[in-house]
Amino acid sequence: MDSILSLAGAVSRRRWSGILLAIVAVAGALGLRTLLEGLGQFYYLPMIPAVMITALLAHRTATALAVALSVAVNLTLVPRESLTDAATNALLFAAVSWILAEVCWAMRDVQSRARDLSRQLAAKDAMLNTALAFVPVVTLDTRGAVQNLNPAAAALFDLPEASAQGRQFALLAPGFDVTAILAAGAPGGALEARDGHWTGLRPDGASFPLSIQYGLAPDADGRPHIALCLTDLSRWHAADAQARELHAQLNKVWRLNSLGEMAATLAHELNQPLSAAATYLHASQIDMEKAGVLGDSALRTVELAKGQLLRAGKIIRRMRELLSLEARKLDSERASSMVEDLGPILTMIGSSKGVAIRLDVAAGEDQVQAERIQFQQAMVNLTRNAVEAVGDLAAPEVVIVGRPVSDTHYRISVEDNGPGIPDDQIERIFQPLTTTKSGGMGLGLSVTRTIVESHGGRLQVSRSALGGAAFSFTLNRETSVENA
């Protein structure tokens, strides 16, 4: 209500100020006409500036008032020969002055639009300058020499702007040639070197990977020049190298875990036949002892064989202890951080099958007890299985979901919209050396289950809301840290 009243007040003040302006303008024109009386007879001509001034500075009502006042003043002060003459001159003045007022209003509109365009251009220019302040840009002539470069480009090459002007850009990016750009005549695009990117050089000999995009534009004289937009790929390459290093580390852990699981399986499977063989040899020893002196030689040989069997059992048990997943100290970690750090690796896994992996991990209340590398290895195993399950679908979906489910537990699940796991295979898929993949070792889910159990959880499989399989487990929450 207050805004409506203030708006009405502003309109009222504007109307009365326009009326006052019309009166003052007509009065000033009348004074001018009085001063000019000594030079000749002036009728409506001195009144035209009053109408124009009112039209330029006020609204249409005030302009109409200025026209009416001018007519009234002339009819009052100037005697006419007849009523027809007075009416004709008055109508002619009104028509001419109104046309001039329309011209003035059109000028006002043009000026208003010009001011609006100027403000818009100034805002866009400021935005463009802000953007270009952080984007390295270089302009070249048709010979490949640097014409101009902005401060960001100068900082990129560690060169003063003045010393870079006139220098061949090929000295800063070896192998760069403007001939191909000018020959193509294309308005713009991205330039790629043979190895996928260019190499930038600094005066101190340091090099860095460089991406180049270009555009063609005429200069003030109409001659073409080339604008280059540069991107330093050093950080991208460093992030890629870090992702590959993490991937290699996870692969190493995977191999060790797989060997440990295999050693545990072999120890379990070979323990019974070795024990049986040792038992048989022991029985043979008893029979040989009954043979007396004749069996002493064979008895010693059997004893040696029995010792080797027992030694083989010890070796297998020692390998199992060495390679199996021993109890590890769990640290306080953020579940969302551990999953987000896998982003580049998950992208590589998904891109191999054309699957976009979506992360939906709650970042709040996600402080958990976990061994970071082992947890990430379990997540990679589950995600790779999900991607392979949906890789042949037209619209594959894989999502990693993380939510606190109680004050003490945080649930992580990997879901897909694949065919799912048949009920009769749910228990079998976690057994070692059981696989549905050609060439698979059958250790992925077994190792993952062992990792989850070492974290105090239990790996479960169920039907996903997406229609496929959902592998999930819980981690113990660090409630004391979160509530601190």
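This is a predicted model: local features need pLDDT of at least 70, side-chain atom pairs count only at pLDDT 80 or more; totals for chains, interfaces and linings use all residues.

Student: Is Leu-57 buried or exposed?

Tutor: Leu-57 sits in helix H2. Its relative accessible area is 61%. The cut-off for exposed is over 50%. Therefore Leu-57 is exposed.

Student: Thr-54 is found in helix H2 too. What is its relative accessibility, and is it buried or exposed?

Tutor: Buried means under 20% relative accessible area. Thr-54 has a relative accessibility of 0%, so Thr-54 counts as buried.

Student: Which residues is Thr-54 in contact with, leaving aside its neighbours within four places in sequence?

Tutor: Thr-54 belongs to helix H2. We skip the neighbours within four places in sequence. That leaves Leu-21, Ala-22, Ala-25, Ala-62, Thr-63 and Ala-66.

Student: Is Leu-281 buried or exposed?

Tutor: Leu-281 lies in helix H9, which spans residues 234-290. Its relative accessibility is 19%. The cut-off for buried is under 20%. So Leu-281 counts as buried.

Student: What separates the C-alpha atoms of Leu-281 and Glu-303?

Tutor: Along the chain, Leu-281 and Glu-303 are 22 residues apart.

Student: Which element gives the largest share of the lining of the largest cavity?

Tutor: The count is one cavity of 30 Å³ or more, and the largest cavity holds about 30 Å³ of space. Its lining is Gln-374, Phe-375, Ala-378, Ile-451, Val-452, His-455, Phe-473 and Leu-475. Helix H13 (372-390), helix H14 (444-454) and strand E13 (469-476) each give two or more of these residues. The largest share, three residues, comes from H13.

Student: Now the salt bridges. How many does the structure hold?

Tutor: One of them joins Arg-119 and Asp-116. Another joins Glu-333 and Arg-372. The structure's total is seven.

Student: How far apart are the closest N and O atoms of Arg-119 and Asp-116?

Tutor: Arg-119 and Asp-116 are three residues apart in helix H4, so about one helical turn separates them. Arg-119 is exposed at 53% relative accessibility, while Asp-116 is partly exposed at 30%. They form a salt bridge, and the closest N and O atoms are 2.1 Å apart.

Student: How many residues apart in sequence are the parts tied together by Glu-333 and Arg-372?

Tutor: These two form a salt bridge, with their closest N and O atoms 2.6 Å apart. Glu-333 lies in strand E7 (residues 331-334) and Arg-372 in helix H13, so the pair ties together parts of the chain. Their separation in sequence is 39 residues.

Student: Which residues do salt bridges that share partners join into one network?

Tutor: Arg-372 also meets Asp-341 in a salt bridge, at 2.3 Å from N to O. Asp-341 is in the loop between helix H11 (335-340) and helix H12 (343-351), 31 residues from Arg-372. Glu-333 is buried at 15% relative accessible area, whereas Asp-341 is partly exposed at 36%. The network joins Glu-333, Asp-341 and Arg-372.

Conventions:
Residues are numbered from 1 along each chain as its sequence is written. Side-chain values use heavy atoms; hydrogens and water are left out. Helices (H or I, at least four residues) and strands (E, at least two) are DSSP runs, numbered from the N terminus. Buried means under 20% relative accessible area, exposed over 50%, partly exposed in between (1.4 Å probe, protein chains only). Contact means heavy atoms within 4.5 Å. On a 1 Å grid over the protein atoms alone, a cavity is a set of points where a 1.4 Å probe fits but cannot get out, and a pocket is an open set with protein on both sides within 12 Å along at least five of seven lines; lining residues have an atom within 4 Å of a point. Grid points are joined across faces, edges and corners, and a volume is the space filled by probe spheres set on the points. A salt bridge is a side-chain nitrogen of Lys or Arg within 4 Å of a carboxyl oxygen of Asp or Glu.
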